[in-house]
Amino acid sequence: MNPPSISRRAFLQGSALAVTASAASRAGAAGLPEAPLQQSPLTQPPLSPANGRPYQPVVTLNGWTLPWRMKNGVKEFHLVAEPVVREIAPGMKANLWGYNGQSPGPTIEVVEGDRVRIFVTNKLPEATSVHWHGQRLPNGMDGVAGLTQPGIPPGQTFVYEFTARRAGTFMYHPHADEMVQMAMGMMGFWVTHPRDPKFMRVDRDFVFLMNAYDIEPGAAVPKVNTMLDFNLWTWNSRAFPGIDPLVVRQNDRVRIRIGNLTMTNHPIHLHGHEFNVTGTDGGWVPPAARWPEVAADIAVGQMRAIEFDATEEGDWALHCHKAHHTMNAMGHGVPTMIGVDQSAVAGKIARLIPDYMAMGDKGGAMGDMEMPLPENTLPMMGGRGPYGAIEMGGMFSTVKVRRNLARDDYRDPGWYRAPAGSVAREWRGEAPAAHAAPGGHHEHP
Amino acid sequence: MIPLVSRPSRASALAACALLAGCAQLSPDGGFGPLREIVAQRTGAAPAWHRTPEEAAGNQARVAQLLPAGGRLATADDAVQIALINNPDLQAAFAELGVAEADLVQAGRLPNPGFSFARTHSGGDVKVERSLTLGLMQLIAMPAASRIEARRFDQVRLQLATRVLATAAQTRQAYYRALASQQGLAYQEQVEQAAEAAHELAAKMAERGNFSRLDAAREQLFYAETQTRLRRARREAQQDKESLARLLGMAPAFTLPERLPELPAKIDDAADVERQAIAQRLDIQAARSELEGLRLSLGLTRATRLVNVLDLGALRTSESGKAPETGYQVDIEIPLFDWGQARVAKAEAIYMQGANRLAAVALDARAQARLAWRERQDAYELARRYRDDIVPLRHRMSEENLLRYNGMLISVFDLLADAREQAATVNAAIEAGRDFWIADAALQLALGGPAAAENRQGTQP
Ligand SMILES: [Cu+2]
C-alpha cells in the first residue's frame, strides 16, 4: 500500500510554456501548487498532517488523500479534472473521468477554520465546475456553472477559496453537465476535521462514495444516458472482488463515512455489530438523537457516518442490502430456468452452438464454474473466501476485525481463522424423517 | 428438261458433273468434327453425337465414368461434359447438321441424267427421238448453289455450336443453382433445429411456470414458421436438382458436393471483353459469313447482270406463326428488256442491309459482354464481402453472444435466436457465391470464348 504518486509539476509547467504565450499565464502556471497523481487503485495509508492544525486522518477505501501546501497560512490544493482509466476490479478497466489520475478523485482533508484555496485545472474536453457539497461558503464559491460562476473551460485553471467553517463529512462533484460528468465518475470525498482532535475521536475512520456505472459488457466507457438500469454498483468506483477489506484492530472505535452519488438508495448493512448513525452531511447527530441499527439506508445525495466498537473478531460482511447491488453486470431480461430440465434440448442446442452449456436450472449459483466471458467484463459474482465462492459482486466488502494489529496497520490480515468448533458444520447425527414439501413440484425427474 | 443434242457438249457436261460431285461428298462424321472443335475450344468439353448404337454405348460408358450411378457429380465441368454428350435435345439438334450436309452434297451433285424416248406419228411416218437430258438450270446454278449451301452448312454448324454453348452455360448455372439450394437447405435444417430446441424449452418452461403462455406461443409460432420455410427450401432444392438432371439427360440419381467451390482468389479487374466478344462470338461469325455471301452475290450480279443470286438474308421470309425460312434463289434471265440496273441496285441494298445487320449483331454482342462482365464483377465483390466480412462478423457476434450467455447476460433464447440469424447470414452468403458462379457462366457465354474458359478452369477446384 505504498503511494506511487508522481509529481507532475514538470509536466504542467512544460505544457504551460509550450501552449501559453503570455508571460502572465506562465507566471500563473508557475504559481500553482503541485497536482500529485495517483496510479494505484488500492487503499492508501492515511496521510498524517505534516503542517497546519493536527487531526486524526481518514482512510479512503481504494483511494487516497490529496497532499497540500501551506502558503501564507492558506492550505492550497490542486485538482486536475481529466480522463482516467480506473480498474473497477482485477480483469476490468473503465475509461472514466476523474481527478488526479483516479475516479473518484482524492479525498480532501482540512480542519474546521482552515482557509482553503483549491486550484482546479480542467483537462476535460468540456467545461466543468466543482461544487463543494454540504459546505457553508460564499455563494460565488458554490461551483454551480451558470448560476454562481462560469464553467471552467477546457485547458483553464480556476481557483476556489473559502474557509472550512463546519466540521463534518462532505463531498465534491461537478455542477456543470453533471449528469454526464458524474456518470463518468467525477466525484470526491471531503472531510473537515473538528478543531479539537479529541472531539468524537475514533481509531479508524474509513470513507467511501457509492457510485454506479452502466458499462456494456466488453466495453469500457459508461453509458452516460442511463437513468436507473446500471450494471456496476461500486464503492469508490470499485466492485467486489475489487473492493479492499476494512481492516480493524479488535476493540477499535470505527467510523465509516459513506456518501451516495448513485441514482438510488442503498441500505448498507454491517454484520456482527450494531452501529449508530453519528453524522450526516448536515452535521453530527446529537448523542441523544442516535439510534442503533445494523443497516442504514443512505438516500441519493446523502452522506452518513456510522460508528461502532469493533468488539467481535472475524471477517464481517459489509454490503448493500439490495441483492442486485451485490451483483456485477448481469442480464436483467434472462428468464428463470429454475426447475426446467434442459438435458433433452441441451444436445440439440450444442449441435448448433458447440460450446453451449445448460445453466440456471438449479438456481443462479455459478459456484466454481469458470467460463470465458466477454473481454473487460466482470463475472456476475466473483471472489473466493476460505470456504469457497463468495457469490457476490458490486457493493460488498468485509470488515476484518483482528486482535494484535498495530495502530496504523491497515494491511489485509488474510482470512479469519475461526476457533475450532465455532463454524457451522454438517449435522452428522440422526437424520430427521423426510416429509414431502406441500405443493412441491421442483423435484428433478 | 431441255433435250441435249450435241454429243461434245454432253461429254463436257458429264465431266463437269463428275468434278463438282467430287467436291461435295458426305463426310464420315456428318460435319460434326469442326463443331466439336469449336465447342471444345470454348468450353473445354467436347460434345458427342451418337449416330450408331456403338457410339451411343461409348458415350454411355463415358457418362458412367464421369458419374457412376448414384455417384457424386464433383464439378460443374463434369456436368457440362455429361450434358454435351447426353442431353437428348442436343442430340436432336445435331441431326440438323446431317440434314444441312445432305443439302450441301445434294446441291453439288448434278441431277441424274435422264433418258427420254419420244415416238411421234406424222401421217405414215413414225419418228423416234431418243435424247439424254440433264437439268440445265441446275447445271448452270450449280457452282453458286454449292457455294451457298457450303455457307449454309457453315451457318448451321455455327448455330448448333451456339446452341451447344448455351446448353453448356445453362448446365453450369443449373449445377451451381442445385448445389447452392442444397447447401442452403442444410442451413435451413439447422435453423429449424434451433427453433425446435427453443420451442421445446419454452414449452417446458411454460409447463413449469417459468414462462408465460405468450412467450411460449411466440417460440411455437417461430418453430412452425421455420418448418414451413424448411419445407419450401426442400422443394426448391428438389426443383433445382431436377432442372440440372434434365439438362444432363438423366434421372436425378446423383449427389452433389456439400458446398460451392471457393471463390477465385481474384478476377481480372479490367479486360478487353468487347474485343474478345467480337473475335469469338459465333453469332458474329455467322453474321460475318452471311455478309460475305451477300458480297459474293453482289459481285456476281454486277459481273453478269443476268444471274440473280439472292442469298440467305434476302430470302428470309416469315409467315406469322412459322419459323423464318431462309434459303436462296438463283434466277437466270435473258436480257431482252432489262439490262439489270435495278437488279444491281437491289443486290447492293441487300448487301448494305447485311452489313448493317452485322453491325447490329456486333453492337449487341459488345453490350452483352460489357453487361455480363460488370455483373460478374459485382457478383464477385458481393460474394467476397459476404465471405470476408459479413460471415466472419456474424461469427464473431455469435462468439461474443456465447460469452454473454456464459456471463448470464443473455438467455439461451437469445443464443438460439442468434444461431438462427447466423444461419440466415450464411444462407445469404451461399446465394451470393452461387450468383457469382452463375454470372461467371453467363460471361463465358457472352464472350463465347476460351479466355473465360481458361479463367474458370484455373479457379475450379
Ligand atoms: Cu444498493
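A polar contact is a pair of N or O atoms within 3.5 Å; within protein, one must be able to donate a hydrogen and the other to accept it, and residues adjacent in sequence count only if both atoms are side-chain atoms. With that in hand, eleven residue pairs are in polar contact between chain B and chain A, both residues being at pLDDT 80 or more. Do keep in mind that this is a predicted model.

- Distant parts of chain A are linked here, since A:H266 sits in strand β15 (residues 266–270) and A:C320 in strand β21 (residues 314–320), 54 residues apart.
- Both A:H266 and A:C320 are buried.

**Where chain B meets chain A**

- Chain A brings 39 residues to the contact and chain B brings 28.
- About 2900 Å² is buried between the two chains, with 66% of that area coming from carbon and sulfur atoms.
- On the chain B side, B:R208, B:M408 and B:L409 supply 25% of the area buried against chain A, more than any other three residues.
- Three salt bridges are counted between the chains, and one pairs the side chains of B:E196 and A:K348 at 3.2 Å, N to O.
- Helices α6 (136–208), α10 (341–406) and α11 (412–447) of chain B each give at least two residues to the side that touches chain A.
- The largest share of that side, ten residues, comes from α6(B).
- By class, the side of chain B that touches chain A holds 16 nonpolar, six polar and six charged residues.

**Salt bridges over all chains**

- The count over all chains comes to 41 salt bridges.
- A:E76 pairs with A:R69, their closest N and O atoms lying 2.6 Å apart; A:E76 is buried at 3% relative accessible area, whereas A:R69 is partly exposed at 22%.
- A:D412 and A:K400 form another salt bridge, with 2.9 Å between the closest N and O atoms.
- A:D412 lies in the segment after β24 (396–402) of chain A and A:K400 in strand β24 itself, so this pair ties together parts twelve residues apart in sequence.
- In chain B, the side chains of B:R434 and B:D435 meet in a salt bridge at 3.1 Å, N to O.
- Shared partners join A:D205, A:R253, A:R255, A:R257, A:E307 and A:D309 into one salt-bridge network.

How values were computed:
Residues are numbered from 1 along each chain as its sequence is written. Chains are lettered from A and ligands numbered from 1 in the order in which they are written. This is a predicted model: local features need pLDDT of at least 70, side-chain atom pairs count only at pLDDT 80 or more; totals for chains, interfaces and linings use all residues. Side-chain values use heavy atoms; hydrogens and water are left out. Helices (H or I, at least four residues) and strands (E, at least two) are DSSP runs, numbered from the N terminus. Buried means under 20% relative accessible area, exposed over 50%, partly exposed in between (1.4 Å probe, protein chains only). Contact means heavy atoms within 4.5 Å. Buried area is the accessible area (1.4 Å probe) that two parts lose on being put together, summed over both. A salt bridge is a side-chain nitrogen of Lys or Arg within 4 Å of a carboxyl oxygen of Asp or Glu. Ala, Val, Leu, Ile, Met, Phe, Trp, Tyr, Cys and Pro count as nonpolar, Asp, Glu, Lys and Arg as charged, and the others, Gly among them, as polar.
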